[in-house]
Amino acid sequence: MKFRELSIPGAFEVTPQQHGDPRGLFMEWYRFDRLEEVVGHPLRLAQGNLSVSAKDVVRGIHFADVPPGQAKYVSCVRGAVLDVIVDLRVGSPAFGRWEFVRLDDVERKSVYIAEGLGHGFCALTDDATLSYVCSETYNPTGEHAVHPLDPDLGIEWPTGTPQLSARDAAAPSLAEAISSGLLPDYEKCVAYTESLRTR
């Protein structure tokens, strides 16, 4: 299992070692101890989700209030998606930056996304299926979104016909989210992460 930190602090690409033969394959897709070594604290597994999307569906950009936020460990178990992580932490040196990682059922990579970061994806195939575990349970009053097609974000989605949910289509722009105070504060996110190291 190899970890690569992305250009956004707190986001990592995880590449597993697959062991295959004519019968099939085996791999470790998650190791709590290896992840803890890399990010500096354990990932609390509070909820597991499964998301199935048709080709060209775009979901996101979703994030949660910090504290406690919601760290995610995301894998694609069927098909392929282009997973995007966005730094929405006001005051972060990488604020507004985004980065893609292709997740699919061939290389079987995962991504780790720290609290305070935005997350979304575009389905590259029909029945693209994401499995992800979260550090906190879903809190409808603490979950938010920024419009994934906002030109200020400038995300280069790999589709000319993105399909959005009603919620995502009605999400505020980045500028609106900033002016309303909706976005996480970078210093609070850093302080919260540090508190996890001492638990």
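How many aromatic pairs does the count come to? Six, in this predicted model, where rings of Phe, Tyr and Trp (its six-membered ring) pair if their centres lie within 6.5 Å. Residues are numbered from 1 along each chain as its sequence is written. Local features need pLDDT of at least 70, side-chain atom pairs count only at pLDDT 80 or more, totals for chains, interfaces and linings use all residues, and side-chain values use heavy atoms, with hydrogens and water left out.

View 1. Trp29 lies in the loop between strand E4 (24-26) and helix H1 (32-39), and Tyr73 in strand E7 (residues 72-78), so the pair ties together parts 44 residues apart in sequence. Helices (H or I, at least four residues) and strands (E, at least two) are DSSP runs, numbered from the N terminus. Trp29 is partly exposed at 38% relative accessibility, while Tyr73 is buried at 1% (buried is under 20% relative accessible area, exposed over 50%, partly exposed in between; 1.4 Å probe, protein chains only).

**View 2. Tyr30 goes edge-to-face with Tyr73.** Here it's 5.0 Å centre to centre and 75° between the planes. Tyr30, in the loop between E4 and H1, is 43 residues from Tyr73 in strand E7. Both tyrosines are buried. Ring pairs link Trp29, Tyr30 and Tyr73 into a cluster.

**View 3. Strands E8 and E11 run antiparallel.** E8 (residues 80-87) and E11 (residues 117-123) pair over seven bridges; pairing takes at least two DSSP bridges. Val86 stands opposite Gly118 in E11.

How values were computed: Rings of Phe, Tyr and Trp (its six-membered ring) pair if their centres lie within 6.5 Å; planes under 30 degrees apart count as stacked, over 60 as edge-to-face and the rest as tilted.
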